[in-house]
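Take a look at the structure below.

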Amino acid sequence: MLLKKIFYTILASVLLLASCKTKDEFVPGVTYNGPVQVSFNNYINDDQEFGFYSVGLPIKDSFITTKVVIKLSNTTSPADHDIKIYLAKNDAVVTDYNTVHGTNYSPISVQNAGFDFDLTQPIILRAGQREVAFPIRVNPVRMGSGSPALGLVIANADGAAVSPLQNKLVVTFVARNKYDGRYSVHGTFVDYANPAFSYYGDYLVSLITTGANSDEVFNETLGNYGYIFSNAGSPTYYGNFGLNMTWDPSTDKITAVTNYYGQPSSNGRSANLDPSGANKLNPDHSIDIKYWMDQPSVITPHRAAFNEHWTYIGPR
């Protein structure tokens with residue numbers, strides 16, 4: 001009786017494992033029944049509803065070509081015949097993605113002069129290949145402001161089936177200057193009006209492009225635009241104080257900082273560069289900067305002083 005129970009337990013386990021095979025699991029050399037499938041390449045896992053592809057672009061007034069990849073999704077073998085793949089622009093893919101993920105991407109208009117792509121003709125995945133690229137030409141200066149996104153669907157395919165799960169893609173386009181990215185900040189801090197305020201410790205920021213030579217500073221550790229510090233051992237931050245940066249691209253020097261919340265803000269705070277600092281982007285892409293927070297209604301000439309070294313982590 002015990003041996004019979006063990007046998008049926010093992011049999012049930014084998015059947016369960018067999019039934020859990022995903023659509024992209026396959027054994028090389030084995031031929032499966034049914035047509036080969038085509039899908040977008042930008043999916044993290046099989047149950048993801050949308051593919052997502054973010055394109056970072058340098059800010060310049062010329063067209064740059066990026067590519068969206070369509071692949072065979074249920075075989076490791078190359079195609080044994082040509083496959084015609086028809087893509088279609090679908091704004092609902094973008095709006096549905098926004099609803100699911102809480103984003104605010106804007107579907108690009110067909111009249112947008114910053115984009116050039118042709119959906120009137122199929123792209124052809126040739127025999128002997130496993131993938132093919134669809135080119136999209138983008139002019140970062142002409143694509144406009146906001147958060148433009150292109151929603152694509154695989155509408156049809158001649159010579160293959162369309163993957164039922166991986167046939168929707170959101171492509172976003174972000175113009176980034178060379179200072180844009182994520183940084184770890186280490187430095188010193190003093191508040192001349194309140195000696196209980198002290199340096200909190202290293203924190204993370206994102207430099208976010210606002211123009212060809214300007215960025216705003218988002219404090220990732222704080223989760224907002226601002227400066228985090230310690231008040232008698234407890235973390236806190238300055239209200240209505242954050243940084244905007246302006247650069248000289250010919251020297252990579254910071255030419256100015258201003259308060260993200262207004263110069264001055266509603267509570268009289270402004271940001272100003274301390275000219276005694278290096279205030280520049282270094283060859284290793286780190287940044288050295290010294291600046292002040294000024295609030296003359298509280299103390300003059302400066303309320304607080306900051307001396308920081310920003311180590312580049314990578315793109316945001």
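**Charged pairs across the fold**

Lys168 and Glu49 join their side chains in a salt bridge, at 3.4 Å from N to O. The term means a side-chain nitrogen of Lys or Arg within 4 Å of a carboxyl oxygen of Asp or Glu. Lys168 sits in strand E11 (residues 168–176), while Glu49 sits in the loop between strand E1 (37–40) and strand E2 (51–58), so the pair ties together parts that are 119 residues apart in sequence. Strands (E, at least two residues) are DSSP runs, numbered from the N terminus.

This is a predicted model: local features need pLDDT of at least 70, side-chain atom pairs count only at pLDDT 80 or more, and totals for chains, interfaces and linings use all residues. Residues are numbered from 1 along each chain as its sequence is written, and side-chain values use heavy atoms, leaving out hydrogens and water.

How open are these two residues? Lys168 is partly exposed, with a relative accessible area of 22%. Glu49 is partly exposed too, at 43%. Here buried means under 20% relative accessible area, exposed over 50%, and partly exposed in between (1.4 Å probe, protein chains only).

Next come Lys89 and Asp91. Their side chains form a salt bridge at 2.6 Å, N to O. Lys89 is partly exposed at 25% relative accessibility. Asp91 is partly exposed at 34%.

Asp274 and Lys290 form another salt bridge, at 4.0 Å from N to O. Asp274 is buried, at 10% relative accessibility. Lys290 is partly exposed, at 24%.

Salt bridges can also share partners. Arg176, Asp180 and Arg316 are joined this way into one network. The whole structure holds 11 salt bridges.

Terms used:
Helix = DSSP H or I, 4+ residues; strand = E, 2+ residues; numbered from the N terminus.
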